[in-house]
Amino acid sequence: MEKNFQDKIDREIRIEPKDWMPDKYRQTLIRQISQHAHSEIVGMLPEGNWISRAPTLRRKATLIAKVQDEAGHGLYLYSAAETLGISRDEMIDQLHSGKAKYSSIFNYPSLTWADMGAIGWLVDGAAIINQVPICRCSHGPYARAMARICKEESFHQRQGFEILLTLSKGSDEQKAMCQDAINRWWWPSIMMFGPSDDASPNSAQSMRWKIKRFSNDELRQRFIDMCAEQVKILNMAIPDPDLKWNAGTGHYDFGAIDWEEFRNVVNGNGPCNKERIAARIKAHEEGAWVREAAIAHAKKNRHSLVASR
């Protein structure tokens with residue numbers, strides 16, 4: 001069976017929920033999709049923090065729309081993971097207990113309005129580079145969810161860049177705010193791609209199963225090459241003194257990444273780790289009555305439908 005399974009993947013035939021799959025393939029996908037879903041939900045927090053303080057009504061409306069999109073992304077992904085045999089309650093319990101991870105980037109604070117631009121341009125930009133290849137993931141439900149998510153993330157990236165572009169053309173104070181946000185979000189965004197695949201025992205298998213299509217280092221390089229050009233339009237600078245064009249490789253060289261900081265944040269010691277999880281647990285507990293009411297309403301409608309027959 002495993003040979004037939006791999007043969008389907010090699011022929012670019014998607015694996016659907018009712019198809020046979022190895023347990024490790026199933027568990028790898030559950031871990032990856034649930035982590036992705038958690039990241040979308042926790043990622044609402046740094047931006048939701050600025051909805052009430054957006055500088056104009058237009059900015060408020062677009063930020064609300066973006067946060068709503070991210071909630072939807074989380075729901076698509078939880079639904080995709082549920083096709084693999086795990087319940088949403090179990091996934092949420094794993095998040096709240098610390099067993100499941102989410103992207104380390106969301107453990108950094110959003111200090112100024114410019115952070116809404118930096119998150120859109122850098123964080124969502126890195127997410128797009130990471131996620132577009134997942135549209136060709138071998139797992140059908142995950143790939144289909146990503147097709148819509150990537151279209152919306154593309155809008156979020158443009159929205160963020162436009163915020164920074166506006167600030168970059170403003171007063172000296174606004175320009176300084178723009179540069180400060182880029183300085184604080186650049187390196188955490190680079191870390192979003194994760195350490196080199198050489199350090200991961202599972203990466204090679206994920207590539208064979210076509211869950212992954214490119215290595216972490218390949219995707220990181222694409223992102224850096226893109227941002228190094230786009231930052232010129234902003235008349236700002238990327239906070240990396242070692243960043244320079246390498247004509248020999250056709251790519252930008254860049255400085256050393258502080259992986260100690262990355263591991264520290266992943267292990268729960270970042271600036272906002274405890275705050276983020278506490279906010280999610282509080283929201284989950286306070287929303288219990290909504291879930292209970294929705295279930296009661298659904299049961300009532302189901303009983304009414306049965307009675308009418």
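Which helix supplies the largest share of the lining of the second largest pocket? To find out, let's walk through two spaces in this predicted model, where local features need pLDDT of at least 70, side-chain atom pairs count only at pLDDT 80 or more, and totals for chains, interfaces and linings use all residues. Residues are numbered from 1 along each chain as its sequence is written, and side-chain values use heavy atoms, with hydrogens and water left out.

On a 1 Å grid over the protein atoms alone, a pocket is an open set of points with protein on both sides within 12 Å along at least five of seven lines, while a cavity is a set where a 1.4 Å probe fits but cannot get out; lining residues have an atom within 4 Å of a point. Points are joined across faces, edges and corners, and a volume is the space filled by probe spheres set on them.

The second largest pocket has a volume of about 430 Å³. Of its 17 lining residues, Ile 41, Met 44, Ala 71, Arg 280 and Ala 283 lie nearest its centre. The answer to our question is H4, with four residues. Helices here are DSSP runs (H or I, at least four residues), numbered from the N terminus. H3 (44-48), H5 (88-97), H12 (273-286) and H13 (288-308) are also among those giving at least two residues each.
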